[in-house]
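Welcome! Have a look at the sequence and the model below, and then let us walk through them together.

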Amino acid sequence: MSASAAKVSKKELNSNHDGADETSEKEQQEAIEHIDEVQNEIDRLNEQASEEILKVEQKYNKLRQPFFQKRSELIAKIPNFWVTTFVNHPQVSALLGEEDEEALHYLSRVEVTEFEDIKSGYRIDFYFDENPYFENKLLSKEFHLNESGDPSSKSTEIKWKSGKDLTKRSSQTQNKAGRKRQHEEPESFFTWFTDHADAGADELGEVIKDDIWPNPLQYYLVPDMDDEEGEDDDEDEEGLEDIDEEGDEDGEEDEEDDGEDGEDDEGEDD
């Protein structure tokens, strides 16, 4: 093949390759545009589904209210129901100091109310009997989501009785403990009512609303681990006693056998 023919063939190949690239890019662009159109349809259906799901949630939220009310009436017959429930919950119990538990013994009722449209927020109400810690009979914390989607929260101001402010006492305890033995008590449960720094990620509020409130009985009925350990210890001790008794009986039998063997030997010697 001549040099000029080789050059022509090479140009044709390059030209065909460029044409294929242009066709491929055009097809890809068209595919991307079609994907975008399909994705818009998917997004539209997702929005429609969210609206339908919200309507269903609103409907059943209203239907649940009489049952929540009936449950609260029954819970009121059980002393220390709510403090036991909180102490048995692994995440909430980690936030409770000894004095928090004492104060929560006066907690008589808890209610969680989602706002009518559900998506804009909820409120948690804590009803207390007369107690030595604060004057309030009701402590509430509300969580709101405004139209722009920004979360916020507000709560009841706790009217502490003289010298009974657990939030200040917790801070002092932590400072002393930190200096002495590097051991810190948990921050008081009641500081939650004054913490509005990150309403969109309020873990305690979400735990109470989504985990405890739907079925508090499951946490009230959690067995006391200390009692279980005590039972296990008793069983272990009983097992050891049985073993000791068996050992004593075996020892006595061995001694009797030795005695009989000795008498037989004496008879043979005679």
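A residue is called buried when its relative accessible area is under 20%, exposed when it is over 50%, and partly exposed in between (1.4 Å probe, protein chains only). Keep these words in mind, as they return throughout this report.

## Ground rules

This is a predicted model, in which local features need pLDDT of at least 70 and side-chain atom pairs count only at pLDDT 80 or more, while totals for chains, interfaces and linings use all residues. Residues are numbered from 1 along each chain as its sequence is written, and side-chain values use heavy atoms, with hydrogens and water left out.

## The overall picture

The protein has eight helices and four strands. Here helices (H or I, at least four residues) and strands (E, at least two) are DSSP runs, numbered from the N terminus. Read from that end, the order of the elements is α-α-α-α-β-β-β-β-α-α-α-α.

Of the 270 residues in the protein, 24% are buried. The exposed surface comes to about 19200 Å², and carbon and sulfur atoms supply 47% of it; such areas come from the Shrake-Rupley method with a 1.4 Å probe, and for residues only the protein chains shown count as cover. A contact means heavy atoms within 4.5 Å. Among contacts between residues at least 6 apart in sequence, 56% join residues at least 24 apart.

## Along helix H1

Helix H1 covers residues 3-75, and Glu 27 lies in it. With 51% relative accessibility, Glu 27 counts as exposed. Patches are made of residues with over 30% relative accessible area and no salt bridge, where like charges are joined within 9 Å and nonpolar side chains (Val, Leu, Ile, Met, Phe, Trp, Tyr) within 5 Å.

Together with Val 56 and Leu 63, Tyr 60 forms a nonpolar surface patch with about 280 Å² of accessible area.

## Salt bridges

A salt bridge is a side-chain nitrogen of Lys or Arg within 4 Å of a carboxyl oxygen of Asp or Glu. By this rule there are seven salt bridges. One of them joins Glu 41 and Arg 44, at 3.1 Å from N to O. Both residues lie in helix H1, three residues apart, about one turn of the helix. An α-helix has 3.6 residues a turn, so residues three or four places apart point the same way.

Other bridges span more of the sequence. Lys 161 pairs with Glu 130, with 3.2 Å between the closest N and O atoms. This pair links distant parts of the chain: Lys 161 sits in the loop between strand E4 (151-155) and helix H5 (166-181), and Glu 130 in the loop between E2 and E3, 31 residues apart.

The side chains of Lys 141 and Asp 202 also meet in a salt bridge, at 3.2 Å from N to O. Lys 141 belongs to strand E3 and Asp 202 to the loop between H5 and H6, so this pair ties together parts 61 residues apart in sequence. Are Lys 141 and Asp 202 buried or exposed? Both are buried. Elsewhere, shared partners join Glu 130, Lys 137 and Lys 161 into one salt-bridge network.

## Helix H6 and its neighbours

In helix H6 (residues 203-212), the buried residues are Leu 204, Gly 205, Val 207, Ile 208, Lys 209 and Ile 212. They pack against several elements, including helix H2 (81-88), strand E1 (107-114), strand E3 (138-145) and helix H7 (217-220).

Asn 80 is in the loop between H1 and H2. Its phi is positive, about 60°, although it is not a glycine. Most residues other than glycine have a negative phi.

Ser 152 is in strand E4. Its C-alpha is 5.2 Å from that of Ala 199, 47 residues away in sequence. Gly 121, in strand E2, is buried, with a relative accessible area of 9%. Leaving aside neighbours within four places in sequence, Gly 121 is in contact with Glu 114, Phe 115, Phe 143 and His 144.
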